[in-house]
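Please walk through the structure shown below with me, beginning with the chain as a whole and ending with single pairs of side chains.

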Amino acid sequence: MKKYLKFRESYANYIKGMTDKQAGQFIKAISGYAFEGKTFESKDAKVMAAYVYAKTQIDISRQNSYNGKKGYLVMSENKKHYRSEKMDDLGALIGAIAITAAANAESVDSKKSK
């Protein structure tokens, strides 16, 4: 499965108020968390505030993705069940038609032989 990091406009807004060193720390911190699960600690309050916000957004995004996949699996299972019921109904209908046709054919044959 491909991993990716959705870079939000809010991250860019945080970076605008940072020095280059702080911005580099922030980018490395969120990349490390998103791709490797590494946590980050810093004494710099600005970088930590941005990191905590980004970490929360990444976690929410992952949870939403997971929930969407669960919903898809339930929906596809329901579709399979619905299709199998429809096929059962169709099979019963075809069987009833075949029986009726066979009975009609026998009736016609018995009338001809009389």
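**From the surface to the core**

The protein chain exposes about 9,100 Å², of which carbon and sulfur atoms supply 59%; such accessible areas come from the Shrake-Rupley method with a 1.4 Å probe, and for residues only the protein chains shown count as cover. This is a predicted model, in which local features need pLDDT of at least 70 and side-chain atom pairs count only at pLDDT 80 or more, while totals for chains, interfaces and linings use all residues. Residues are numbered from 1 along each chain as its sequence is written, and side-chain values use heavy atoms, with hydrogens and water left out.

The protein chain has three helices and zero strands, where helices (H or I, at least four residues) and strands (E, at least two) are DSSP runs numbered from the N terminus. Buried residues make up 17% of the 114 residues in the chain; here buried means under 20% relative accessible area, exposed over 50%, and partly exposed in between, with a 1.4 Å probe and protein chains only. Among the contacts with a separation of 6 or more, 56% are between residues 24 or more positions apart, a contact being heavy atoms within 4.5 Å.

Which residues have the most contacts inside the largest nonpolar core? They are Y11, F26, I30, F40, Y51 and I58, in a core of 15 residues, and the elements that give two or more residues to this core are α2 (20-36) and α3 (45-113). A nonpolar core is a set of buried Ala, Val, Leu, Ile, Met, Phe, Trp, Tyr and Cys residues joined through side-chain atoms within 4.5 Å. Leaving aside its neighbours within four places in sequence, Y51 is in contact with F26, A29, I30, Y33, K38, T39 and F40.

Rings of Phe, Tyr and Trp (its six-membered ring) pair if their centres lie within 6.5 Å, and planes under 30 degrees apart count as stacked, over 60 as edge-to-face and the rest as tilted. Because Y11 lies in helix α1 (residues 9-16) and F26 in helix α2, the pair ties together parts that are 15 residues apart in sequence. By this rule the count comes to six aromatic pairs, and ring pairs link F7, Y11, Y14, F26 and Y53 into a cluster.

In the loop between α1 and α2 we find M18, which is buried, with a relative accessible area of 10%. Beyond its neighbours within four places in sequence, M18 is in contact with A23, F26, K46, V47 and A50; the C-alpha atoms of M18 and V47, 29 residues apart along the chain, are separated by 8.0 Å. Helix α3 holds Q57, which is buried at a relative accessible area of 17% and, apart from neighbours within four places in sequence, is in contact with R8 and Y11.

Charged side chains complete the tour. There are two salt bridges, each a side-chain nitrogen of Lys or Arg within 4 Å of a carboxyl oxygen of Asp or Glu. In one, E36 pairs with K38, the closest N and O atoms being 2.9 Å apart, and E36 counts as exposed at 54% relative accessibility. In the other, K55 pairs with D59 at 3.6 Å between the closest N and O atoms; being four residues apart in helix α3, K55 and D59 are separated by about one helical turn.
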